[in-house]
Amino acid sequence: MRTRRSTPLGFQPPAIGEEEVEAVAETLRSGWLTTGPRAALLEDRMAEYLEARHVLAVSSGTAAMHLALLALDVGPGDEVITSPITWPATGNVIEHTGATPVFCDVRDDDLNLDPALVPGLVTERTKAILPVHLAGQPCDLDPIHALGLPVVDDAAHALESRYRDRKLGGLSDATCFSLYATKNVAAGEGGLVATSRDDVAEAVRAMRLTRRGDGSRYDQTTWGFKANLSDVLAAIALVQLDKLDLHAQIRARQFALYDEGTAGLDGIEPLARDPRDTHALHLYVVRIDAERAGATRDDYQRALAEERIATSIHFLPVHRLTWFRERYPSQPALPVAERAGEQVLSLPLSPAHSDDDIADAIDALGRVHARFAP
Ligand SMILES: Cc1ncc(COP(=O)(O)O)c(C=O)c1O
């Protein structure tokens, strides 16, 4: 067994090479600093990749979800059913439209929205459902679509995912992706709305950037946002898209190493991955059962930090975060999500890491487990 690392291991550093550096330099030399030909090319290539009729590039995954909800006319007085096991942005965008988020408990195995619980939350005010594909595992979309309500997906983790045999891009009314610094295509910031609905595409296109006229005349006909994607970031995303398969292969190897390395650690188990689906392998999340593993998730996270292994938490339940708790004091308990929020720990994963780096993380976890486990 190895010893403690001499250098810290980052959680999810971006894998940026000279190709991305060159693409940015070329863009700057071209004179296109804002939305231009590279953003348009990214939309075309992503539409093909995501099997969607339209892809609209925007400034973030958050903006993608916000504009998609507005495109579906979600607004004050409406309710949107969503998962609490997500980044707060998913709840925030519902608030930004003036609607109310209704948090639904998740399934214990993959921590995605439990489709069996959704119908019980539907009221005459329910305007949409916003499922999350956590860590890259698609949630069970068929029973959600069967309810007949508009569906906007938070697919920030799910660029490569397939639900059964279909890419996520055209399955729901709108599917929203993120190009944030840690994502599988990392531009630093950015987002995509994929949709096969012409009306949704047109509405997002109109809202993301108040149209420029001929310089002397302009008009605004709908909500006006500044949510367009710059060509500088689109240039990075295009190179990252070229590297998608290579990076996915590296992460697949890292997943296999983790599966093997955690198999013998009692009380430490990865989230379930459904073999009928394609997982985007975006995050390697384990659950730590304090009784069997001998210590809490927080103890493990601290001990791993002492071993110089950075970890993260995906996610703390959104309805328990201060702002949401104070705003909705009578929010019912969501026992599965709340237990998971205390147990989940994400291990380092990145195409920038070597297999040796991952072996270091596994060895450190083994040492910590040996120290804590009863
Ligand atoms: C599940 C999830 N939803 C939404 C977002 C928001 O995306 P962005 O940071 O691009 O706004 C993120 C992360 O960044 C995320 O992890």
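A crossing of two helices is right-handed if the near helix is turned clockwise from the far one by less than a right angle, and left-handed if it is turned anticlockwise. With that settled, here are my notes.

**Setting up**
I am working on a predicted model, in which local features need pLDDT of at least 70 and side-chain atom pairs count only at pLDDT 80 or more, while totals for chains, interfaces and linings use all residues. Residues are numbered from 1 along each chain as its sequence is written, and side-chain values use heavy atoms, with hydrogens and water left out.

**Entry 1: α10 and α13**
I began with α10 (297-306) and α13 (residues 355-372), both named as DSSP runs numbered from the N terminus (helices are H or I with at least four residues, strands E with at least two). Their axes come within 10 Å and cross at roughly 125 degrees (lines fitted to C-alpha atoms over the stretch in contact, with angles from 0 to 180 degrees between N-to-C directions). That makes α10 oblique to α13 (under 35 degrees is roughly parallel, over 145 roughly antiparallel, 65 to 115 roughly perpendicular, and the rest oblique). I noted the crossing of α10 and α13 as right-handed. From α10, D299, Y300, A303 and L304 make the contact, and from α13 it is A364, L365, V368, H369, R371 and F372 (contact means heavy atoms within 4.5 Å). I sorted the residues of this α10–α13 contact into 7 nonpolar, 1 polar and 2 charged (Ala, Val, Leu, Ile, Met, Phe, Trp, Tyr, Cys and Pro are nonpolar, Asp, Glu, Lys and Arg charged, and the others, Gly among them, polar).

**Entry 2: α13 again, now with α8**
I stayed with α13 and turned to α8 (residues 244-262), where the two axes come within 10 Å and cross at roughly 20 degrees. α8 and α13 are therefore roughly parallel to each other, and their crossing is right-handed. On the α8 side I listed R253, Q254, L257, Y258, G261 and T262, and on the α13 side D355, I358, A361, I362 and L365. This α8–α13 contact divides into 6 nonpolar, 3 polar and 2 charged residues. I was pleased to meet L365 in the contact with α8 and also in the one with α10.

**Entry 3: α1 and α7**
Next I took α1 (residues 18-30) and α7 (residues 231-242), whose axes come within 9 Å and cross at roughly 150 degrees. α1 passes α7 in a right-handed crossing. The contact brings together E19, E20, A23, V24, T27 and L28 of α1 with D231, V232, A235, I236, V239 and Q240 of α7. I got 7 nonpolar, 2 polar and 3 charged residues for the contact of α1 with α7.

**Entry 4: the ligand**
Of the 15 residues around the ligand, I found G61, T62, D154, H157 and S178 nearest (a residue is near if one of its heavy atoms lies within 4 Å). A polar side-chain atom of T62 sits 2.5 Å from a ligand oxygen, and one of H157 lies 2.8 Å from a ligand oxygen. For K183, I noted 3.1 Å between a side-chain N or O atom and an oxygen of the ligand.

I found a cis peptide bond between H314 and F315, with omega about 5 degrees. F315 sits in the loop between α10 and α11 (322-327). E51 has a positive phi of about 55 degrees although it is not a glycine, and I placed E51 in the loop between α2 (37-50) and β1 (54-58).

Key: Polar contact = N/O pair within 3.5 Å; in protein donor to acceptor, adjacent residues only side chain to side chain.
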